[in-house]
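Here are my notes for your first look. Keep the view open and check each point as you read.

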Amino acid sequence: GEKADTVEEDTDASDPQQVKANELVARYKKKMPVQSLMDVLKEMMEMVNSIEKYENGIASKLLKKIGSAYFDYKSVRKASAKLLAELDFAKTAAKMFKYLNKKGIFSNDNVWFPAYYLLTCAWNYTDPSTELCTSICEDKGFLKMILENIKHQPYRDNQKNKNVKYILKSS
């Protein structure tokens with residue numbers, strides 16, 4: 001697995017989605033009962049599933065916390081990954097990655113970080129879960145985009161760039 005870097009995100013306190021995302025992030029604690037963790041992960045993933053535009057910081061914020069749970073709650077990694085599979089992580093990942101690729105993953109940090117946290121979650125949570133691996137493999141959209149990244153010659157030619165290297169490694 002790969003641990004995600006940190007980034008401070010701009011937020012708009014007047015945006016109801018930002019407010020809800022901030023509340024969910026605040027509910028996440030490094031030490032909380034497992035059922036509370038599962039509840040907050042479920043709500044976070046459901047919110048990610050509902051997002052239409054991913055460059056406003058909400059997806060980054062939520063996926064960053066979902067990714068943190070992988071490291072903070074090692075004993076429930078498999079259950080967390082199964083939950084993500086049940087909540088259509090693969091379908092959302094395909095929709096999100098397609099959107100971010102159209103924007104240009106490296107165009108700016110508002111596009112890069114959601115892609116980074118998405119791939120980090122996919123990379124890490126597929127380790128303990130055959131359900132999540134299967135759902136990603138069965139979702140031809142996400143799998144196809146990952147394979148396209150690996151084949152993308154400009155990425156292959158620029159592997160010395162740490163962000164490009166991460167995209168290739170995590171794909």
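1. Which residues in α5 meet which residues in α8? From α5 come A90, A93, A94, F97, K98 and N101. From α8 come G141, F142, M145 and N149. Sorted by type, the residues of this contact are 6 nonpolar, 3 polar and 1 charged. Bear in mind that this is a predicted model.

2. Look at the spacing of those residues. An α-helix has 3.6 residues a turn, so residues three or four places apart point the same way. Now find A90, A93, A94, F97, K98 and N101 on α5, and see where they meet α8.

3. How do the two helices pack? Helix α5 covers residues 89-103, and helix α8 covers residues 140-151. Their axes lie 8 Å apart, at an angle of about 45 degrees. That angle makes α5 oblique to α8, because angles between 35 and 65 degrees are neither roughly parallel nor roughly perpendicular. The crossing of α5 past α8 is left-handed.

4. Step back to the whole protein chain. How many helices and strands does it have? The count is 10 helices and 0 strands. Read along the sequence, the pattern is α-α-α-α-α-α-α-α-α-α.

5. Consider how the chain folds on itself. Take the contacts in the protein chain with a separation of 6 or more: 71% of them join residues 24 or more positions apart.

6. Is V19 buried, exposed or partly exposed? Its relative accessible area is 33%, so V19 is partly exposed. Buried would need under 20%, and exposed over 50%.

7. Turn to helix α4, residues 77-86. Which of its residues are buried? They are R77, S80, A81, L83, L84 and A85. The cover over them includes α2 (34-50), α3 (58-72), α5, α6 (109-125) and α7 (130-138).

8. Check what comes after α4. The helix is followed by D88. The phi of D88 is positive, near 60 degrees.

9. Finish with the surface. Of the 171 residues in the protein chain, 45% are buried. The chain exposes about 9,000 Å². Carbon and sulfur atoms supply 50% of that area.

How values were computed: Residues numbered from 1 in each chain as written. Predicted model: local features only at pLDDT ≥ 70, side-chain atom pairs only at ≥ 80, totals over all residues. Heavy atoms only, no water. Axes fitted to C-alpha atoms, helices over the stretch in contact; angles between N-to-C directions. Helix = DSSP H or I, 4+ residues; strand = E, 2+ residues; numbered from the N terminus. Parallel < 35°, antiparallel > 145°, perpendicular 65-115°, else oblique. Left-handed = near helix turned anticlockwise from the far one by under 90°. Contact = heavy atoms within 4.5 Å. Nonpolar A, V, L, I, M, F, W, Y, C, P; charged D, E, K, R; others polar. Buried < 20%, exposed > 50% of the residue type's maximum accessible area, 1.4 Å probe, protein only. Areas by Shrake-Rupley, 256 points an atom, 1.4 Å probe, with all protein chains shown as cover.
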